[in-house]
Structure formats: structure tokens, C-alpha cells
Amino acid sequence: MTSPAEISVLASVTATDLAELAEVLVDCVAGGASVSFMSPFEHENGKAFFAKIAGEAALFVARVAGRIVGTVQLGLAMPPNQPHRADIRKLLVRQSARGRGIGIALMTAAEEAARARGRTLLVLDTALGDNAERLYTRAGWTRVGVIPNYALFPDGSPCDTVYFWKQV
């Protein structure tokens with residue numbers, strides 16, 4: 001499936017970008033995604049989160065009709081003994097934009113960017129049974145294992161977490 005989205009990495013983050021990224025995060029948390037935040041989750045908290053992340057990770061966005069509908073982060077700051085590795089963080093796609101190949105397009109862009117930066121091993125985690133778990137499996141990621149009750153869903157219920165890795 002070809003994604004209808006334009007995928008890019010944000011070299012700098014504008015106020016409009018922060019507002020649209022926050023909308024995506026608020027939508028995902030409201031939809032029950034276990035992405036580190038609890039309900040209720042406010043738009044201003046989302047903007048603050050992405051303002052911080054913009055300086056810490058490569059931030060990829062998916063735009064449809066000029067608006068951000070998805071994002072993923074490539075964490076590159078690793079310890080000295082792990083220069084070959086990177087982390088994939090917070091793959092988020094608005095609920096209304098799912099099922100159109102946007103998640104896989106974001107992942108592909110992050111994987112290609114990691115490879116271009118000399119990274120050969122990627123790792124990530126997600127909620128067990130989540131749509132993202134199926135996406136990572138289809139995309140060739142290798143499941144490592146599950147940690148029960150590792151995190152909480154936004155409603156406070158326990159969430160099992162599954163870890164994956166991929167050579168790129």
C-alpha cells in the first residue's frame with residue numbers, strides 16, 4: 001500500500017508544527033495508546049513534549065493535505081559503546097489517518113535515516129496486542145519478548161510491553 005502522506009524530517013520545529021504534533025499526540029492518548037501519557041492529556045502538554053524532543057531526536061512527520069497526521073522519532077544519542085545503534089520512539093498516527101500506510105512509511109523513513117547515519121541496529125517497544133505490534137512484525141522486526149505490566153494505558157489499566165529489534 002502506498003502512503004498518501006508526504007514524509008519528512010523536521011530540521012527545525014515551528015509553532016504550527018508543535019501545535020499539529022500535539023494534536024496527534026492528544027488524539028492517540030485519547031484513543032488509548034500507551035505512549036507514556038495518562039488521560040486526560042492536554043494540548044499544551046503535548047506541545048511541551050515535542051518542543052523538548054525536537055532537540056533530542058530526529059523527528060519525522062507525515063503530512064496529508066499539508067497537516068501533520070503522524071510522527072515517529074529516531075533516537076540517536078547512544079552511549080560510547082553503542083555507536084551502531086538507535087531507538088525508534090513514539091510512532092503516532094491520528095486515528096482518522098490509520099490504515100493508509102502512514103505508519104509503515106514513517107518507519108521506513110526512520111530506518112533509512114538510521115542506515116544513512118551508520119546505524120545498523122534499531123530497537124523499540126510497544127504495547128502487546130496493539131496495531132503497532134502487527135505493523136512491526138509485518139515490517140520485518142524481530143520480537144524479543146514481553147514484560148508484563150510494564151506500563152499503564154492512559155486509563156490507568158496495566159499494559160504489557162513487547163520489545164523488538166531490527167538490523168538495517
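Helices and strands are DSSP runs, numbered from the N terminus. On this basis, in the predicted model, A65 lies in the loop between β2 (58–64) and β3 (67–75). The backbone of A65 has a positive phi of about 55°, although A65 is not a glycine. A65 is also exposed, because its relative accessible area is 80% and the cut-off for that class is over 50%.

A positive phi also occurs at N149, again in a residue other than glycine, with a value near 55°. N149 is found in a strand, β6, which covers residues 142–152. The relative accessibility of N149 is 53%, so N149 counts as exposed.

A further backbone feature is found at P40. The peptide bond from S39 to P40 is cis. Its omega is near -5°. P40 lies in a loop, between α1 (15–30) and α2 (43–53).

Aromatic pairing was examined next. A pair of aromatic rings is described by the distance of the centres and the angle of the planes. The search of the whole structure finds six aromatic pairs. One of them joins F37 and F41. Their ring centres are 4.7 Å apart and their planes meet at 45°, so the pair is tilted. Both F37 and F41 are buried.

Another pair joins F49 and F50. Here the ring centres are 5.0 Å apart. The planes are at 75°, so the pair is edge-to-face, the cut-off for that class being over 60 degrees. F49 is buried, with a relative accessible area of 16%, which lies under the 20% limit. F50 is buried as well, with a relative accessible area of 0%. The four residues F37, F41, F49 and F50 form one aromatic cluster.

V29 is 23 residues from E6 along the chain. The C-alpha atoms of E6 and V29 are separated by 23 Å.

Conventions: Residues are numbered from 1 along each chain as its sequence is written. This is a predicted model: local features need pLDDT of at least 70, side-chain atom pairs count only at pLDDT 80 or more; totals for chains, interfaces and linings use all residues. Side-chain values use heavy atoms; hydrogens and water are left out. Rings of Phe, Tyr and Trp (its six-membered ring) pair if their centres lie within 6.5 Å; planes under 30 degrees apart count as stacked, over 60 as edge-to-face and the rest as tilted. Buried means under 20% relative accessible area, exposed over 50%, partly exposed in between (1.4 Å probe, protein chains only). Helices (H or I, at least four residues) and strands (E, at least two) are DSSP runs, numbered from the N terminus.
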